[in-house]
Amino acid sequence: MRGNLGDQLAELTSRLVQIDSTNPPGDVTGVVGFIRDWLSARGFSSSIYEYVKGKPNLIAKVGDGRPILILNGHTDVVPPGDSSRWTYPPFSGRVIEGKVYGRGSTDMKGGLAVIMMVFAELGHVIEGKGSGTLVFSATADEEVGGHAGVEALVKGNVLVGDAAIVAEPTGFSRYCIAEKGLSQVRLVARGRPAHGSLPVLGDNAIMKLIKAIEAAQGIIEEVNRGVKLPQDLVEAVDNSARVYLEGALRGGLRLSEADLRGVIGSVSFNPGVIRGGSKINMVPDYAELELDMRVPPGVSPGSVIGRLREGLRGLADVEVIDTSEPNYTPTGERIVQLIHEGIARLNAEPKPIIMTGATDGRYFRLRGIPTVIYGPGELTLAHTYDEYVTINDLVNTYNVMRYTIEKYF
Ligand SMILES: [Zn+2]
């Protein structure tokens with residue numbers, strides 16, 4: 001590898017993008033092999049943990065004892081979609097006009113490149129110091145829930161530490177300290193079948209479900225009137241509202257900052273899938289709705305489900321599809337402060353944010369590990385066509401990361 005830092009980071013990101021690791025199916029053997037060889041060429045050995053065939057996780061460690069700082073990035077990417085809609089082929093890793101293009105450039109092979117480079121640059125220094133352990137981890141499966149990746153590693157005590165940085169895209173001046181949780185349920189309405197010409201003889205499950213959906217929306221509005229965000233997160237919600245508002249305005253949506261703040265800082269309500277009935281001339285005896293709700297820190301997914309169960313009695317049953325706890329790392333934690341300082345040193349205004357979706361960061365936080373999500377790229381470009389990362393962002397996040405790690409040890 002040659003050239004200045006920007007060229008090196010761009011080249012490494014491009015190489016990673018060129019190795020297809022689309023999930024599903026999520027086979028990351030190729031990327032992991034590349035990372036293992038890349039680290040080995042720089043004098044670092046690594047271990048592989050493969051909980052599901054084709055989904056290996058790689059861990060490399062330097063130094064000794066505590067504190068243990070974990071650097072983490074996922075190796076899988078979402079599918080490219082319709083390849084003809086890409087200006088440059090999705091796995092070309094084309095570098096042009098200060099940007100690296102391709103699927104995964106922002107989410108998150110740019111971030112992987114940054115933590116690989118930082119680990120390789122500082123590894124030998126930390127090794128000799130005896131003031132703690134730096135752990136590099138490239139993990140599988142994030143795009144489908146992280147079960148064969150970070151979740152398994154944390155549960156198996158393979159990947160634990162005193163702090164973690166997950167290099168998901170935030171852009172260099174923002175860092176994420178919180179994630180919403182998940183409350184996904186199925187509302188099931190049951191009725192009594194009859195001939196469609198004599199509906200009075202039946203009990204229409206679709207009509208019951210419609211009433212149940214409206215009632216559910218009312219219940220969530222009531223829950224939201226009582227939401228009190230932890231004080232640490234008020235600013236993060238405001239900052240995130242501004243980020244998503246910019247994207248929304250670019251897309252031609254007429255929304256206000258308050259609209260975005262409202263949905264980010266409270267329980268969101270999205271009926272996603274509806275099914276019911278079997279024939280036009282029959283009174284349906286079954287109808288169901290899959291409902292996606294994202295809950296902010298301070299609200300428990302279980303209590304939301306309890307409120308729905310109680311309020312919908314007689315209209316619909318509430319079945320749990322999936323839940324996860326919202327989580328955050330207080331702004332007073334050292335790792336948060338160091339990232340904040342590192343950004344400020346680059347003459348940018350550091351902005352904490354909250355994510356509406358989930359990352360692997362939740363597995364660290366739920367284990368009590370203070371965790372910051374911080375890495376190159378643009379939140380609004382993840383999973384889109386013509387995804388790119390700027391070389392500027394790669395360099396800046398590298399510098400912030402380097403500062404943070406040097407100070408940490
Ligand atoms: Zn990601």
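Me: In which loop is His 383 found?
Reply: The model is a predicted one. In it, His 383 has a positive phi of about 70 degrees, although it is not a glycine. Most residues other than glycine have a negative phi. As for its place, His 383 is in the loop between strand S15 (371–373) and strand S16 (388–390).

Me: Is His 383 buried, partly exposed or exposed?
Reply: Buried means under 20% relative accessible area and exposed means over 50%, with partly exposed in between. The relative accessible area of His 383 is 42%, so this residue is partly exposed.

Me: What is the phi of Asp 141?
Reply: Asp 141 is placed in the loop between strand S6 (132–139) and helix H4 (147–155). With a relative accessible area of 4%, Asp 141 is buried. Although Asp 141 is not a glycine, its phi is positive, at about 75 degrees.

Me: Which residue does a cis peptide bond join to Arg 66?
Reply: Most peptide bonds are trans. Here, however, omega is about 0 degrees, and the bond is cis.

Me: What is omega for the cis peptide bond that joins Asp 107 and Met 108?
Reply: Met 108 lies in helix H3. The peptide bond between Asp 107 and Met 108 is cis, and its omega is about -10 degrees.

Me: How many residues does the largest nonpolar core have?
Reply: Ile 35, Phe 136, Tyr 374 and Ile 405 are the residues with the most contacts inside this core. Its largest share, 12 residues, comes from helix H3 (residues 105–129). In total, the largest nonpolar core has 68 residues.

Me: Which residues is Ile 35 in contact with, leaving aside its neighbours within four places in sequence?
Reply: Ile 35 is among the residues with the most contacts inside the largest nonpolar core. Leaving aside those neighbours, its contacts are Leu 16, Leu 58, Thr 75, Leu 112, Met 116, Phe 136 and Ala 138.

Me: How many residues are in the second, separate core?
Reply: Ile 213, Val 267, Ile 305 and Ala 316 are included in this second core. The number of residues in it is 25.

Me: How far apart in space are Val 188 and Leu 289, C-alpha to C-alpha?
Reply: Val 188 is part of strand S9 (residues 181–190), and its relative accessible area of 1% makes it buried. Not counting residues up to four places away in sequence, Val 188 touches Tyr 286, Ala 287, Glu 288, Leu 315, Ala 316, Asp 317 and Glu 319. Val 188 and Leu 289 are 101 residues apart in sequence, while the distance between their C-alpha atoms is 6.7 Å.

Me: In which helix is the place of Glu 221?
Reply: Glu 221 is partly exposed, with a relative accessible area of 45%. Its C-alpha atom is 9.2 Å from that of Phe 269, a residue 48 positions away in sequence. The helix that holds Glu 221 is H5 (residues 205–225).

Me: What is the radius of gyration of the protein?
Reply: The protein has 11 helices and 16 strands. For 409 residues the globule rule gives 22 Å, and the value for this protein is close to that, so the protein is as compact as a globular protein of that length. The radius of gyration is 23 Å.

Me: What percentage of the residues in the protein are buried?
Reply: A residue counts as buried when its relative accessible area is under 20%. Among the 409 residues of the protein, the buried ones make up 53%.

How values were computed: Residues numbered from 1 in each chain as written. Predicted model: local features only at pLDDT ≥ 70, side-chain atom pairs only at ≥ 80, totals over all residues. Heavy atoms only, no water. Helix = DSSP H or I, 4+ residues; strand = E, 2+ residues; numbered from the N terminus. Rg over C-alpha atoms; globule rule 2.2 N^0.38 Å. Buried < 20%, exposed > 50% of the residue type's maximum accessible area, 1.4 Å probe, protein only. Core = buried A, V, L, I, M, F, W, Y, C linked by side-chain atoms within 4.5 Å. Contact = heavy atoms within 4.5 Å.
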